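Let's take a walk through this structure together. Keep the 3D view open and follow along.

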Amino acid sequence: MTDPAASTPWVRRIGHGELLLRHRYEMASIVNDILIAFWFIVGSLLFFSPLTTTAGVWMFLLGSIELAIRPSIRLVRHLHLRKVQKSIEHESDQDF
């Protein structure tokens with residue numbers, strides 16, 4: 001009996017290390033998205049009073065910085081996973 005996954009070119013096996021990396025970057029992305037929402041919600045609330053408008057502007061600035069961090073997380077994740085995948089491709093049974 002043959003392995004059906006071996007005959008299909010679209011099946012890709014993911015190792016434990018790669019899966020762990022994906023989960024870590026996903027968690028970083030989720031935390032970043034929560035912070036974006038927090039900064040913009042607090043900033044919006046601070047705009048209701050003229051006394052706290054300056055603090056609201058700072059919250060919007062923080063939210064904007066968090067928006068810039070979002071693609072950075074994705075880029076670092078992509079490069080890190082690519083590096084891990086290349087190192088796995090070059091390993092053989094004799095390397096162990």
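A search of the whole structure turns up 1 salt bridge, and keep in mind that this is a predicted model. Who are the partners? The side chains of Arg70 and Asp33 come together in that salt bridge, at 2.8 Å from N to O. Arg70 sits in helix 3 (residues 53-89) and Asp33 in helix 2 (residues 16-46), so the pair ties together parts that are 37 residues apart in sequence. As for the general idea, side chains of opposite charge can pair when their charged atoms come close.

Are these two partners tucked away or out in the open? Arg70 counts as partly exposed because its relative accessibility is 35%, between the 20% and 50% cut-offs. Asp33 has a relative accessible area of 30%, so Asp33 is partly exposed too.

Now look for the greasy part. The largest nonpolar core is made of 5 residues: Leu21, Tyr25, Ile73, Leu81 and Val84. Helix 2 and helix 3 each supply at least two residues of this core, with helix 3 giving the most, 3 residues. Zoom in on Leu81, one of the core residues. Leaving aside residues up to four places away in sequence, Leu81 touches Glu18, Leu21 and Arg22.

What does the chain look like over residues 30-49? This stretch is 85% helix and 0% strand, and its end C-alpha atoms lie 30 Å apart.

Methods. Residues are numbered from 1 along each chain as its sequence is written. This is a predicted model: local features need pLDDT of at least 70, side-chain atom pairs count only at pLDDT 80 or more; totals for chains, interfaces and linings use all residues. Side-chain values use heavy atoms; hydrogens and water are left out. Helices (H or I, at least four residues) and strands (E, at least two) are DSSP runs, numbered from the N terminus. A salt bridge is a side-chain nitrogen of Lys or Arg within 4 Å of a carboxyl oxygen of Asp or Glu. Buried means under 20% relative accessible area, exposed over 50%, partly exposed in between (1.4 Å probe, protein chains only). A nonpolar core is a set of buried Ala, Val, Leu, Ile, Met, Phe, Trp, Tyr and Cys residues joined through side-chain atoms within 4.5 Å. Contact means heavy atoms within 4.5 Å.
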